[in-house]
Amino acid sequence: MRSGRMTQRGAILIAGALGGVILILLFPLWRTMAWSSPVEEPKVAADSGTADSGGTVPDGVTSGSAISGSAVSGDGMELIQAQGTTLESRIQTPAGYKRTKAEDNSLATFLRTYSVRKDGAKVKLFNGQVKEKQNNHVAVFKLPLERVNLQQATSSIQRVVAEYLWKQERYNQISFQFGNGFQADYIRWREGYRILNGRTRSGWIEQGTYDESYENFQKYLQAVFLKTSSATMEKESEKTSLSKLKAGDVFVKSGSGGHAVMVVDICENAEGKKAFLLAQGGTPAQQFHVIQNPAHKSDPWYYEEEIKYPLQTPDYKFPKGSLRSLNYLK
């Protein structure tokens, strides 16, 4: 029995010794493999989220590759100035371009001087959550957004127009048409009337007293957003062209999966060629934000000479004929 135990112990010692020898022999080879083999970078899944409907980077254009845009302003500064607190101070004009002239009380000036959130701010949804896609914007406007899922793509543009007219005290011009043809005038709402929506028709009913408060103005806008869409925006606008482009014009496509973006600033070069910035809301309701140009992400300006249809934005493709001038301001 003793010799058996000695034999078992000896076998264990011999096996351990052989294992140590094998490790010593293989260690140099393992060290070479561990330090010289490339480490595979983690793969990042492409974000396929869209504003209202699908869109991809156009064929032959790689995100970040320059077509004609410049990442340097006419003053030799970076186009995006982090310390800027308004649209015009945050985004500089490209080299060789100057912002078009605008009257002090114009929509163009209203947009240029509108406050933007701090550089790098994320786009948030109506409920306070962060929008899934965060790599396609360069600035976020401080445009009011209530905690209801109504101020989406076209409604964000209507909000800009309404806020501008409100600030100008042009209350009689604040009016939007519903899909059923009903004209929702703010001054009627302010007088205490409310909108009764039926299946096919809408009408006014007297239900309150005169109220010119901003809170009541907000309630009016919620009623408008509920019954308007990209289709009604098309009806309340007219086709225009790049040669006649002005701040407040829109690219809009109605129908299922429709979308709209707004021209929020314009600049020109010495030859009269334009470049413009686009901003959008989206679905779900979200903060109004200036979008990138997917043709050259370091430069958000869209240049007249490179525009072709369908027009590609980060989230959508707009067909020819989608550039329109809104009748809201006429």
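**Two helices side by side**

Mentor: Helices α4 and α6 are roughly antiparallel to each other, a term for angles over 145 degrees. Helices here are DSSP runs of H or I with at least four residues, numbered from the N terminus. This is a predicted model, in which local features need pLDDT of at least 70, side-chain atom pairs count only at pLDDT 80 or more, and totals for chains, interfaces and linings use all residues. Residues are numbered from 1 along each chain as its sequence is written, and side-chain values use heavy atoms, with hydrogens and water left out.

Trainee: At what angle do the axes of α4 and α6 cross, and within what distance do they come?

Mentor: Two packed helices are described by the angle between their axes and the distance between the axes. Here the axes of α4 and α6 cross at roughly 150° and come within 11 Å, the axes being lines fitted to C-alpha atoms over the stretch in contact, with angles from 0 to 180 degrees between N-to-C directions.

Trainee: Which residues of α4 and α6 meet?

Mentor: Contact means heavy atoms within 4.5 Å. On the α4 side, S155, Q158, R159, A162, E163 and W166 meet residues of α6 that include Y214, F217 and L221.

Trainee: Which residues of α6 are buried?

Mentor: Buried means under 20% relative accessible area, with a 1.4 Å probe and protein chains only. The buried residues of α6 include N216, F217, Y220 and L221, and the buried residues of this helix pack against α4 (153–167) and α5 (186–190), among other elements.

How values were computed. Buried means under 20% relative accessible area, exposed over 50%, partly exposed in between (1.4 Å probe, protein chains only). Angles under 35 degrees count as roughly parallel, over 145 as roughly antiparallel, 65 to 115 as roughly perpendicular and the rest as oblique.
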